[in-house]
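Have a look at the sequence and the 3D view, and keep them open while you read.

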Amino acid sequence: MKLIDISMTLSKETPNWPGDTPFHYEIAWPMAESGSVNVGKIEASTHIGTHIDAPFHYDDAGQKTDELDLNRYFAKAAVIDCTGLSEIKKDHINFKGEAVTAVLFKTCAWQNRQVFPESIPVLGTEVPAYLKEQGINLIGVDLPSVDHLESKELPVHHALYAQHINILEGIVLDEVEAGMYQLIAMPLKIKGGDGSPVRAVLISEK
Ligand SMILES: N[C@@H](CC(=O)c1ccccc1NC=O)C(=O)O
Ligand SMILES: [Zn+2]
Ligand SMILES: [Zn+2]
């Protein structure tokens with residue numbers, strides 16, 4: 001069994017959404033003071049690095065992070081190569097496989113993870129309904145958002161939500177071949193949360 005880590009490293013270099021809270025880690029209580037242990041503390045946006053959006057992120061009445069169904073984040077996943085596309089259309093989504101519930105889009109459009117990208121590819125408006133028909137309840141992107149970065153209406157977030165499809169963002173798929181995998185990307189159990197960083201991994205089916 002081969003585990004493939006598809007998570008971003010969290011550090012002060014991890015780019016945050018413009019204006020949002022950057023990642024910060026420090027040792028709040030060093031061994032020299034506590035006498036026995038180093039104890040760290042962290043501060044960050046819940047939308048930093050590799051993370052999931054809880055529906056509460058885009059709907060006041062939506063599910064919170066601690067209310068999410070974890071089965072969605074332990075899923076048979078198809079990685080689809082969309083490298084070079086500026087809009088991902090229904091026709092690009094061709095996976096074969098039984099019981100696939102997650103689709104991960106490999107765009108390779110966010111190459112330098114030290115900086116926030118200027119523009120990113122997005123999903124076509126017909127894609128969410130099509131994915132729902134295929135039994136998909138989670139999508140993942142190797143990008144900081146599923147919508148255009150300057151969008152305030154977040155039409156793709158809402159179109160996915162209308163089809164009860166959850167969102168995973170900021171995965172790293174550069175070295176991952178298109179194909180079938182088992183995905184594990186568990187959110188933290190943050191009470192009332194709007195999202196959560198995750199440690200996302202794939203297990204190769206080969
Ligand atoms: N939709 C993005 C985050 C996002 O839109 C955002 C994050 C922090 C501050 C503002 C944001 N969006 C709109 O102004 C995401 O899900 O990570
Ligand atoms: Zn997010
Ligand atoms: Zn999002």
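Which residues does His-157 touch, not counting residues up to four places away in sequence? Tyr-58, Val-146, Asp-147 and Ile-167. Here, two residues are in contact if their C-beta atoms, placed from the backbone, lie within 7 Å.

## Before you start

This is a predicted model, in which local features need pLDDT of at least 70 and side-chain atom pairs count only at pLDDT 80 or more, while totals for chains, interfaces and linings use all residues. Residues are numbered from 1 along each chain as its sequence is written, and chains are lettered from A and ligands numbered from 1 in the order in which they are written.

## The whole chain

Start with the big picture: the chain has three helices and 13 strands. Those are DSSP runs, numbered from the N terminus (helices are H or I with at least four residues, strands are E with at least two). The radius of gyration, taken over C-alpha atoms, is 17 Å, close to the 17 Å from the globule rule for 206 residues, so the chain is as compact as a globular protein of that length. That rule is 2.2 Å times the number of residues to the power 0.38. Along the principal axes, the C-alpha atoms fill a box of roughly 60 × 40 × 35 Å.

Of the 206 residues in the chain, 35% are buried. To sort residues this way, count the other C-beta atoms (placed from the backbone) within 10 Å of a residue's own: 20 or more is buried, 12 or fewer is exposed, and in between is partly exposed. As for contacts with a separation of 6 or more, 71% of them come from residues 24 or more positions apart.

## The nonpolar core

In soluble globular proteins, nonpolar side chains tend to be buried together. In this chain, the largest nonpolar core has 42 residues. Such a core is a set of buried Ala, Val, Leu, Ile, Met, Phe, Trp, Tyr and Cys residues joined through C-beta atoms within 7 Å. Among the residues with the most contacts inside the core are Ala-77, Leu-104 and Ile-171. Leaving aside neighbours within four places in sequence, Leu-104 is in contact with Ala-77, Val-79, Gly-140, Ile-171 and Leu-173.

Val-79 turns up again among the contacts of Val-176, along with Ile-4, Ile-6, Lys-106 and Leu-202, once neighbours within four places in sequence are left aside. Val-176 sits in the loop between β10 (166-169) and β11 (179-185), and Val-176 is partly exposed because 18 other C-beta atoms lie within 10 Å.

## Around ligand 1

What surrounds ligand 1? The shell is made of Trp-17, Asp-20, His-47, Asp-53, His-57, Pro-144, Ser-145 and Glu-169, where a residue is near a molecule if its C-beta atom, placed from the backbone, lies within 6 Å of it. That shell divides into two nonpolar, three polar and three charged residues. (Ala, Val, Leu, Ile, Met, Phe, Trp, Tyr, Cys and Pro count as nonpolar, Asp, Glu, Lys and Arg as charged, and the others, Gly among them, as polar.)

Trp-17 is in the loop between β1 (3-5) and β2 (24-29). With 14 C-beta neighbours inside 10 Å, Trp-17 counts as partly exposed.

## What UniProt lists

An unreviewed UniProt entry lists "binding site" at His-47, His-51, Asp-53 and Glu-169. They span 123 residues in sequence, yet no two of their C-alpha atoms are more than 8.4 Å apart, so they gather at one spot. UniProt's unreviewed entry also gives "binding site" for Asp-53, His-157 and Glu-169. These span 117 residues, but no two of their C-alpha atoms are more than 11.3 Å apart, so they gather at one spot too. UniProt annotations may be inferred rather than shown by experiment, feature names are shortened, and positions follow the numbering used here.

Now zoom in. Asp-53 is in strand β4 (residues 51-53) and counts as buried, with 25 C-beta neighbours inside 10 Å. Beyond four places in sequence, Asp-53 touches Ile-167, Glu-169 and Gly-195. Glu-169 is in strand β10 and is buried, with 20 other C-beta atoms within 10 Å. His-157, in helix α3 (residues 155-162), also counts as buried with 20 C-beta neighbours inside 10 Å.
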